[in-house]
Amino acid sequence: MVEENKVTLYGMWVSPYVKRVEFALRLKGIPYEYVEEDLRNKSPLLLKLNPVHQKVPVLVHNGKAIVESLVILEYIDETWKTGPQLLPEDPYKCSQVRFWASYLQQVFESMVSVLKTSGEAQEKAIKEVTEKLKLLEEGLKGFFPNGFPNSFEKENVGLLEVVIFSHFGSYEAQEEALGVKFITPEKTPLIYSSVRSLTEIPAVKAERNSHEKVVAFLKFVRGNALKSSAE
């Protein structure tokens, strides 16, 4: 028998795709159970819940599985009307939020390339990330023409802010592990100020990963990737 309204999130602690779902659940005040998955040894249950991609996050609500982080965020927004509304009602504004949320995934993929490469390949990846962040900053001006507010209320957090924070909330750990500064007040003022403001929201702060833990994980991934490429 399925327990009514039971919510379970299957994830991996450092994944920004999982983090965005956790932030949304926290902001909406939705109680949920969290199950950590070992992606090097995926559980039979994960493979059953997400047979197509076999990835996290997977949200299970009333015994039904929802996959893909952006799909999950929209499902959360449509199912629970408590807390902030993640997507605007205006169709055009909604389309713009979806576009830039999707674009953020491309930025993240380029950042992973920086993490896993060295030499010329890394220089190329760094240039790519820098260019994509520049475009993202320009795009964000359409949402925050007067800059990102210093004080941001939980009720005003939308899907785009959730996605920005899930990718850049640990930017200082990313800098330390990579030795490259991507997010600065000068180069990326809107991204920088949004992370700073969102960090002050208790529901968001509660889900932040430990700086030291993220640095150690990123260095481990980088070490493994460089070792594999040298073999």
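Predicted model: local features only at pLDDT ≥ 70, side-chain atom pairs only at ≥ 80, totals over all residues.
Student: What makes up the secondary structure of the protein chain?
Tutor: Ten helices and four strands. From the N terminus on, the order is β-α-β-α-β-β-α-α-α-α-α-α-α-α.

Student: Why is the protein chain called as compact as a globular protein of that length?
Tutor: Set its radius of gyration against the globule rule. The radius is 18 Å. The rule gives 17 Å for 231 residues. The two values are close, so the chain is as compact as a globular protein of that length. Along its principal axes, the C-alpha trace spans about 55 × 50 × 30 Å.

Student: How much of the protein chain counts as buried?
Tutor: Buried means under 20% relative accessible area. Of the 231 residues, 48% count as buried.

Student: Why are helix 1 and helix 3 called roughly parallel?
Tutor: Look at the angle. The axes of helix 1 (residues 16–28) and helix 3 (residues 69–79) cross at roughly 10 degrees. Angles under 35 degrees count as roughly parallel. Helix 1 and helix 3 are therefore roughly parallel to each other. Their axes come within 9 Å.

Student: Which residues of helix 1 and helix 3 meet?
Tutor: Helix 1 brings Tyr 17, Arg 20, Val 21, Ala 24, Leu 25 and Lys 28. Helix 3 brings Ser 69, Leu 70, Ile 72, Leu 73, Ile 76 and Asp 77. By class, eight residues of this contact are nonpolar, one is polar and three are charged.

Student: Why can residues three or four places apart in an α-helix point the same way?
Tutor: An α-helix has 3.6 residues a turn, so residues with that spacing point the same way.

Student: How do helix 3 and helix 4 cross?
Tutor: Helix 3 passes helix 4 in a right-handed crossing. The axes of helix 3 and helix 4 (residues 91–116) come within 11 Å and cross at roughly 145 degrees. Ser 69, Leu 70 and Glu 74 of helix 3 contact Arg 98, Ala 101, Ser 102 and Gln 105 of helix 4. This contact has two nonpolar, three polar and two charged residues.

Student: Which residues of helix 3 are buried?
Tutor: Ser 69, Ile 72, Leu 73, Glu 74, Ile 76 and Asp 77. The buried residues of helix 3 pack against helix 1, helix 4 and helix 6 (159–168), and also against strand 3 (58–61) and strand 4 (64–67).

Student: How many contacts join residues at least 24 apart?
Tutor: Among contacts between residues at least 6 apart in sequence, 71% do.

Key. Residues numbered from 1 in each chain as written. Heavy atoms only, no water. Axes fitted to C-alpha atoms, helices over the stretch in contact; angles between N-to-C directions. Helix = DSSP H or I, 4+ residues; strand = E, 2+ residues; numbered from the N terminus. Parallel < 35°, antiparallel > 145°, perpendicular 65-115°, else oblique. Contact = heavy atoms within 4.5 Å. Nonpolar A, V, L, I, M, F, W, Y, C, P; charged D, E, K, R; others polar. Left-handed = near helix turned anticlockwise from the far one by under 90°. Rg over C-alpha atoms; globule rule 2.2 N^0.38 Å. Buried < 20%, exposed > 50% of the residue type's maximum accessible area, 1.4 Å probe, protein only.
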